[in-house]
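Student: Hi! Could we go through this structure together, a few questions at a time?
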There are 4 protein chains.
Amino acid sequence: MEHRQGDLGEGDNVSLCPLEFRYGSDEMRSIFSRENIIRKMIDVELALVRALEESEIIPRGYYERLASCIYNVRVEDIDGYEKEVGHDVVALISAINDVCGESSRYVHYGATSNDIIDTAWALLIRDALRVVKRKLILVIKLLIDLSKKYEDTLMVGRTHAQHALPITLGFKLANYVYEFANSLDRLLSTEGRVIKGKMAGAVGTMAGWRGKGLAVESMVMRELGLRSHEITTQVAARDGFAELINDLAILASQAERLGIEIRELMRPEIMELAEGVEGRIGSSTMPHKANPVECEKLAGLARVLRGLAITALENIPLWHERDLSNSSSERILIPHAFVLIDEILGALHGILVNLRVYPGNMLKNLELSKGLIMSESLMLRLTDKGLSRYEAHKLVRELTSKALASGMDLLSVALNDGRVLKYLTADEVREALNYMKYLGSYRELIERAISYANEVISRSHSC
Amino acid sequence: MEHRQGDLGEGDNVSLCPLEFRYGSDEMRSIFSRENIIRKMIDVELALVRALEESEIIPRGYYERLASCIYNVRVEDIDGYEKEVGHDVVALISAINDVCGESSRYVHYGATSNDIIDTAWALLIRDALRVVKRKLILVIKLLIDLSKKYEDTLMVGRTHAQHALPITLGFKLANYVYEFANSLDRLLSTEGRVIKGKMAGAVGTMAGWRGKGLAVESMVMRELGLRSHEITTQVAARDGFAELINDLAILASQAERLGIEIRELMRPEIMELAEGVEGRIGSSTMPHKANPVECEKLAGLARVLRGLAITALENIPLWHERDLSNSSSERILIPHAFVLIDEILGALHGILVNLRVYPGNMLKNLELSKGLIMSESLMLRLTDKGLSRYEAHKLVRELTSKALASGMDLLSVALNDGRVLKYLTADEVREALNYMKYLGSYRELIERAISYANEVISRSHSC
Amino acid sequence: MEHRQGDLGEGDNVSLCPLEFRYGSDEMRSIFSRENIIRKMIDVELALVRALEESEIIPRGYYERLASCIYNVRVEDIDGYEKEVGHDVVALISAINDVCGESSRYVHYGATSNDIIDTAWALLIRDALRVVKRKLILVIKLLIDLSKKYEDTLMVGRTHAQHALPITLGFKLANYVYEFANSLDRLLSTEGRVIKGKMAGAVGTMAGWRGKGLAVESMVMRELGLRSHEITTQVAARDGFAELINDLAILASQAERLGIEIRELMRPEIMELAEGVEGRIGSSTMPHKANPVECEKLAGLARVLRGLAITALENIPLWHERDLSNSSSERILIPHAFVLIDEILGALHGILVNLRVYPGNMLKNLELSKGLIMSESLMLRLTDKGLSRYEAHKLVRELTSKALASGMDLLSVALNDGRVLKYLTADEVREALNYMKYLGSYRELIERAISYANEVISRSHSC
Amino acid sequence: MEHRQGDLGEGDNVSLCPLEFRYGSDEMRSIFSRENIIRKMIDVELALVRALEESEIIPRGYYERLASCIYNVRVEDIDGYEKEVGHDVVALISAINDVCGESSRYVHYGATSNDIIDTAWALLIRDALRVVKRKLILVIKLLIDLSKKYEDTLMVGRTHAQHALPITLGFKLANYVYEFANSLDRLLSTEGRVIKGKMAGAVGTMAGWRGKGLAVESMVMRELGLRSHEITTQVAARDGFAELINDLAILASQAERLGIEIRELMRPEIMELAEGVEGRIGSSTMPHKANPVECEKLAGLARVLRGLAITALENIPLWHERDLSNSSSERILIPHAFVLIDEILGALHGILVNLRVYPGNMLKNLELSKGLIMSESLMLRLTDKGLSRYEAHKLVRELTSKALASGMDLLSVALNDGRVLKYLTADEVREALNYMKYLGSYRELIERAISYANEVISRSHSC
């Protein structure tokens, strides 16, 4: 077939990565834009010159002059040099040289590329984690609000996708409050290990600063607001990145779990919750359908993040004082991981804000088993009155079998069973089969989950 | 620290994915550009209209009129609609409608989005695999040439990174010929399962074409040069993609293995092979260093591809007649996997073209163990002459221990050992310790590997 | 707390791997038992002695004498030697020496450990794949039978877990027929690449058999019924294992998909299919519950298999002519992968044999949307009669919105809409909304899927 | 070929998992033996009965009577019941019933299976982590000792496997001290999130204990020395397991990195470090070889652990108040992950205890580049004296090129270069090229790494 191709518009803008235009917020994307990555590298180079000056390794005056010109370098010029020399930091230094001339004499003095790169990663990850934490806290707060709002909204708890026991929607959602709060807690503990700069020169001995290395490092880190690794080779150890990406993959998997929750409860046969879609066309052929496409996206993107967790783990066993194999994969995995989690948290936020809740359907579904899900309650009452657990188990099993076979509800079957009435009065049977009376300590548990989440959030704010 | 930031140049072009500008050939990148993906979707929509017309489901004349305008749609217009309706295929149809008006009346008639998307994937993957196969064949041919050129170039074979037995460089490389040929063979068998179109309407029953569905499908596929799946739900089964991405991850891992080979043999203590770098600055602080950065890149990118293999596997268990969870992850994983393998094959090609070989160092290193690596040869000769394998093993072990302890070479030690001379003449001992005489069937094996590779290549061409 | 521990029974039998006692058939477990792995290694050692004798490298008579004693070695004796020397093949040879004495003089002559290990893996994998294929074919045949039996059993097709269009249960299951048949096809093509022996001595040059190596290799392979690799280093290339394990992970993921299908359709609100559990206690507290525990197990075990796929990929980049890093991981991953897939296929078989089908519920659920799922059908009819696709889309969207708002069924709404009746008669509207008339080419598609599966199965038998 | 098979010894003991007999210490294996898992489940059941009694839900006296008989249940009896009912906790309760009769009336009262299972996991993981931490601390302490012992042992630092700059062996190893200490720190923070019990009944509401649930939970946890989750569904959230397994995979990857370090430095061309193997037969055909098989094993097992990290991540998105899919995979992944890391740490310990160090070879290799690795030092001195970094870079590059071309050492070339002598005296040139003078702050960095590690270790002890 011969293509009769028009030009389809702007020909050179051949984006192929959906993270460029489809996923992620502008805020997060701009953190990992080439431009911003270069800006952070410049921040580090500049901080180094200041530190060199203050520790009197280089003459006074360079920092101020450099600061006034260094941000005038242009990405295109760096690109030009990089094509020539095949090395991004050397290209950056050359471009700075062009722009600042003599003022740039001491740029990168005594440093190695990864002093700049690893410290820039620390700055970028710090900024990115701020966004992640802020959005995660928003999600947790929405869940807390929903949890309180629906604290007493009765619904069936489902295990194995079968009806188990009554819960409330608030109780269900409080579990997510807890799970996401755990992720926040985890990120808080991870960031202490991963947001760390490195300024130690080639092979990590600080040889280029002859004895003043620790002072230089300390001034650079103070300038940038970072802690530094205690020791490094030519690169910082990669275990922290593997921990971080895995944290994000865990968070994505939790989001996927909540997405599955909603997708399932949005089935037309169930319709207890629904992803609120406004004005969106569900399907090109089935215009009436409202599909949980945002929730489905959570699952798809979580799969990418889980794959990236493997990549991050494999970057750990670098050779000797470094090999370059982590470099290419980190250029991909760190920005992708953060833009993906950003999209996931953004989508999750939208889902929760627009979440539709159908308490009437919840009640209707709860009644579906005609009381059978209360058999545990009945069994426990019987045990209270002297049956062994084993006997009670057997008796209730017979009652439920009878109810299932006859289509009667469990209450009627129980009230007609002599063995039951030997142990319980009719009122006690009714009490045992009342959903509202069999919610256990749900209020305290919701409260406990929310308190915990609030405690983690407040710890996060104080970081 | 206050940033004194200039604008660093073109501010809006905030690329964050290195596949946009750093990795992959323009050829491969343009296959997976948004523009080209849309072009392939249009190809499919157009082929469908033709098939509908030929099977007399719609009136004659639409196809020709549509063909003259449909490629005039512009990516920007599709973008506009997509932002509005949140659905890419509906957006495409709307944009076509705008451009073609009445001529587009039957566009997408009876189809579902994934008829278009999955068939477009088949077309894109076919094109991408052509590039992959072509580049892989180039790599194999380079390896065949090198294998022949260095057929008799003696070097030490290394196991556990220790010296084992003599081999030749040609023999070493012929193993890579075989391994990459296996990958080509694997891709040839995979493509039969994965380059398959789908034209079956919502839920896959072809209900929209009332009884003529199989004819429509068959005409579309003929037009596009594709085979179709035997049956599908609303989407084609995802197992083929998981197979494909894993094939690419295997190929990447093989490339990594060759990269490790060169990185290791380029160590200054060994220096038998080297990545030929021209005019490249090795390190910002150690200007003399020539680093195997291309070989290291192979390892880094292979790690990303292995991670994507997991993502592809997780896309298989879709719910019922489809869920959307594969969609977002495939948008990322398919283009990324192909651009990554493209970069890997391109880098590998460059590495092999510029590979530096140091036969002198190979010989020097071979002698390093003073003949100890020939102990197996000696042991077998002793067994020939009547020692049990166990006794020969023990005797040679003693000789090698003595050689190691004394710093003498094995030949001298053996010629001075009465027990050895009970079984072998001095000439037989010398023969037993001659590297050139202990290369086994290396020539036939090289030949066999090359023949096999050529057979797979010729099968590839006939596909 | 002080433990008052009894001994809980047989103290030394401290199994910790559930594959030892919980998962997998005895048949598969016995293939990968230590005993059988050793037996296969002995098979290979014996075949080598025969080949050496036939190619006149060693004197006549050894093979026959060896064959009469070699299988008398005992696992315990090998264990003893292995503890001493830390090398399993050396330990095996020592144990053979003890049992066979002088008859074992030429055991392992000229070979390297991985000649034995890799060839034994080929034998073990061949046996294991026979079991896998046999069980997979059984599963496919059960699915074919179910597909035929329920060919016309109407149910709703679900996309995004929403109601989409009518299908039949037979059509749904025919998709699984196709998907599993693809897995069988994939295994048939993989086994050609992976069931390959290796007999090439240290570093792979066959140096120990001085020029007769190819003949030795060929006789060994003929004896064992194997093809050999075209060339190897000291070990066979590991790409084939990565392909194989990924095939099994794909198959497991397909099984998981079918398991999810059943778990979802077994929800009490849906109850169209159910895992048939007999006499099993569903839950310790909710005795009435019948849980889809076998289907759930499919998902859990598939996750382990997907993880192993990563391990297998990472084994590819071995150093030079070998390093040992694949050894420890393959000892775990190959047996585990096969026992897991064996358990999965066994469970799947049981699930399908006991599958409960509720056609009444299928019909009831189908009616749930009051005809709304037939809106595509109506839209296409309207397009037939002259509306543009876009207009028809809009009109039907209005009708469905009205139906949804009013609670009326689509038929009534459509019959009361003047715009509809301008294009269609009342009978045409009724026809357009009849589920049975909107199943498309489902019969031909089922037939096509089954034919394809039967073709693959018959190819499998002829292998 | 007909097999003439003897019985190979103990036929029924068909172990297939190498973790049963090959890998891991008895101590770790016994933690995850079936017997011990059951023992922990009994511990939990017993603690629950005590808590029920103390909170006056059940009559006094049961706990004491139960405690005197409950540990008499036998694994075989549980197995028998499990085969019958297909449910391990029900089987356990039945077996307890048989052994304890009436005393067991309140066993499991109000609980759900995962109250027992998840709390038992917490106990098992606590015990397993104690072993891991203890062995990890031993490894760190060995590394600290080696780091101090070889603090000043000069060797070359390697980047890209090329010679970079001088370091000391102590400095190299101090990096591992830091990396492993990070893993210890990580485990300390993870264990707070993962060693948590769960006692909340079906669906997690504590309904069975009517209002006294929180008290029951609190008493059980106090009895077992555990903290509890703030809220759960029927199962505890799985994010903690994913974090834990990833921590172990990180630790394994760090061990792999150290293993690679040694394997590389043990190459005969380098021979600076060696895995100390005593009396082990290296290869069946090359008896003289001492292979780093323990270090290679680290890599192989790390690959398995990385794969398990994926499995653990996939277990997070459970449906609603639980599905069973995590159960089967956790039975495998938790014990396997811990036995693997146990084997890794054990092997690492052995490697470090027996590590052979060759300072002479280190010096010899350091001289290999004839001073070229000191070019950075020279460049910095030139910059000190007024050259721009760019010019100094260029000049030194010329000197090194000249040295490389001529075979002269850098010192001679520099002393003969007029441009150099314009800036530096001959003594300054010699100083600039003295390895010992270019080790930077290595002592302080080693000290800092060790202090950090000691701080983490002391925090670990106080946990």
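Student: How many bridges join strand 1 and strand 2 of chain C?
Tutor: Strands here are DSSP runs of E with at least two residues, and helices are runs of H or I with at least four, numbered from the N terminus. Two strands pair if DSSP finds at least two bridges between them. Strand 1 (residues 154–159) and strand 2 of chain C run antiparallel, and the bridges joining them number five.

Tutor: A quick note on the model: it is predicted, so local features need pLDDT of at least 70 and side-chain atom pairs count only at pLDDT 80 or more, while totals for chains, interfaces and linings use all residues. Residues are numbered from 1 along each chain as its sequence is written, and chains are lettered from A and ligands numbered from 1 in the order in which they are written.

Student: Which residue of strand 2 of chain C stands opposite C:Leu154?
Tutor: Strand 2 of chain C covers residues 162–168. The residue of that strand standing opposite C:Leu154 is C:Thr168.

Student: Which residue takes a positive phi in that hairpin of chain C?
Tutor: The hairpin of strand 1 and strand 2 of chain C has two residues between the strands. The residue with a positive phi, near 55°, is C:His160.

Student: Is strand 2 of chain C mostly covered or mostly uncovered?
Tutor: A residue is buried if 20 or more other C-beta atoms, placed from the backbone, lie within 10 Å of its own, exposed if 12 or fewer, and partly exposed in between. Seven of the seven residues in strand 2 of chain C are buried, and the strand is mostly covered.

Student: Why does B:Ile117 count as buried?
Tutor: B:Ile117 lies in helix 6 (residues 113–149) of chain B. B:Ile117 counts as buried because its C-beta neighbours inside 10 Å number 22.

Student: How many residues of chain C are in contact with chain D, and which helix of chain C gives the largest share?
Tutor: Contact means C-beta atoms, placed from the backbone, within 7 Å. On that basis, 77 residues of chain C are in contact with 77 residues of chain D. The largest share of the chain C side, 14 residues, comes from helix 10.

Definitions and conventions
Contact = placed C-beta atoms within 7 Å.
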